[in-house]
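Keep the viewer open while you read.

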Amino acid sequence: MIMTILPSPGSGPEPDRPRYRTQSTPPHTPLRPMWACRACGQPWPCGAARLMLRAEHDRNHQGLSIYLAGLMYEAMRDLYRLNPDSGPSPEELFNRFVSWGPFRRSSS
Ligand SMILES: [Zn+2]
């Protein structure tokens, strides 16, 4: 029997986008390990974060997709540690982080 132990993946991207800031409110970036928005408390990426991420990556759709996929991985790691039995499903996380992005397929 051949047994291979794969190395654990390293950390994903730093969740520091969208970069838009104001003087009076926190940015719409995720608060880990809950992955709630710092500004509005909604599950991240909230509506405002999605709009700003799209605007920031208007000419870099590939970069946005890679960023979102990396953060989905980071969120899985955090959320399954917090709630090992009742965490979100992989499908829910994919829809929340990746499927709204620039390379989604149409439903037809
Ligand atoms: Zn927000």
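Let's start with Phe-97, which touches Trp-35, Trp-44, Pro-45, Leu-68, Leu-71, Met-72 and Ala-75, leaving out residues up to four places away in sequence. Contact here means heavy atoms within 4.5 Å.

Some housekeeping before going on. This is a predicted model, where local features need pLDDT of at least 70 and side-chain atom pairs count only at pLDDT 80 or more, while totals for chains, interfaces and linings use all residues. Residues are numbered from 1 along each chain as its sequence is written, and side-chain values use heavy atoms, with hydrogens and water left out.

**The core**

Phe-97 is also one of the residues that touch the most other members of the largest nonpolar core, a 16-residue set; the others are Trp-35, Trp-44, Leu-53 and Leu-71. Helix H1 (47–56), H2 and helix H3 (90–97) are the elements that give two or more residues to this core. H2 supplies the largest share, seven residues. A nonpolar core, as used here, is a set of buried Ala, Val, Leu, Ile, Met, Phe, Trp, Tyr and Cys residues joined through side-chain atoms within 4.5 Å. Buried means under 20% relative accessible area, exposed means over 50%, and partly exposed is in between (1.4 Å probe, protein chains only). Helices (H or I, at least four residues) and strands (E, at least two) are DSSP runs numbered from the N terminus. As background, nonpolar side chains in soluble globular proteins tend to be buried together.

**Charged pairs**

The structure holds five salt bridges, each being a side-chain nitrogen of Lys or Arg within 4 Å of a carboxyl oxygen of Asp or Glu.

| Arg-19 | Asp-16 | 3.5 Å |

What does the bridge between Arg-17 and Glu-56 tie together? Arg-17 lies in the segment before strand E1 (30–31) and Glu-56 in helix H1, so the pair ties together parts that are 39 residues apart in sequence. Arg-17 is partly exposed at 24% relative accessibility, and Glu-56 is partly exposed at 32%.

Salt bridges that share partners join Arg-32, Glu-74, Arg-77 and Asp-78 into one network.

Asp-78 sits in helix H2 (residues 61–82) and is buried, with a relative accessible area of 11%. Leaving out residues up to four places away in sequence, Asp-78 touches Arg-32, Pro-33 and Trp-35.

**The zinc site**

Which atoms are the protein donors of the zinc ion? They are His-28 (ND1), Cys-37 (SG), Cys-40 (SG) and Cys-46 (SG), lying 2.1 to 2.3 Å from the ion. Donors are N, O and S atoms within 2.8 Å of the metal (3.2 Å for Na, K and Ca); water is not among the atoms, so sites may look incomplete. In sequence, the donor residues follow the spacing H-x8-C-x2-C-x5-C.

The site is tetrahedral, with angles of 98 to 130 degrees among its four donor atoms; four donors count as tetrahedral if all angles lie between 85 and 135 degrees. For reference, the ideal angle for four tetrahedral donors is 109.5 degrees.

Most residues other than glycine have a negative phi, and most peptide bonds are trans. The peptide bond from Arg-32 to Pro-33 is cis, with omega near 5 degrees, and Pro-33 lies in the loop between E1 and E2. The bond from Trp-44 to Pro-45 is cis, with omega near 5 degrees, and Pro-45 is found in the loop between E2 and H1.

Trp-35 has a positive phi, near 60 degrees, in a residue other than glycine. Trp-35 is placed in the loop between E1 and E2 and counts as buried at 0% relative accessibility.

Conventions: Tetrahedral: all angles 85-135°; square planar, octahedral: opposite > 155°, others 65-115°.
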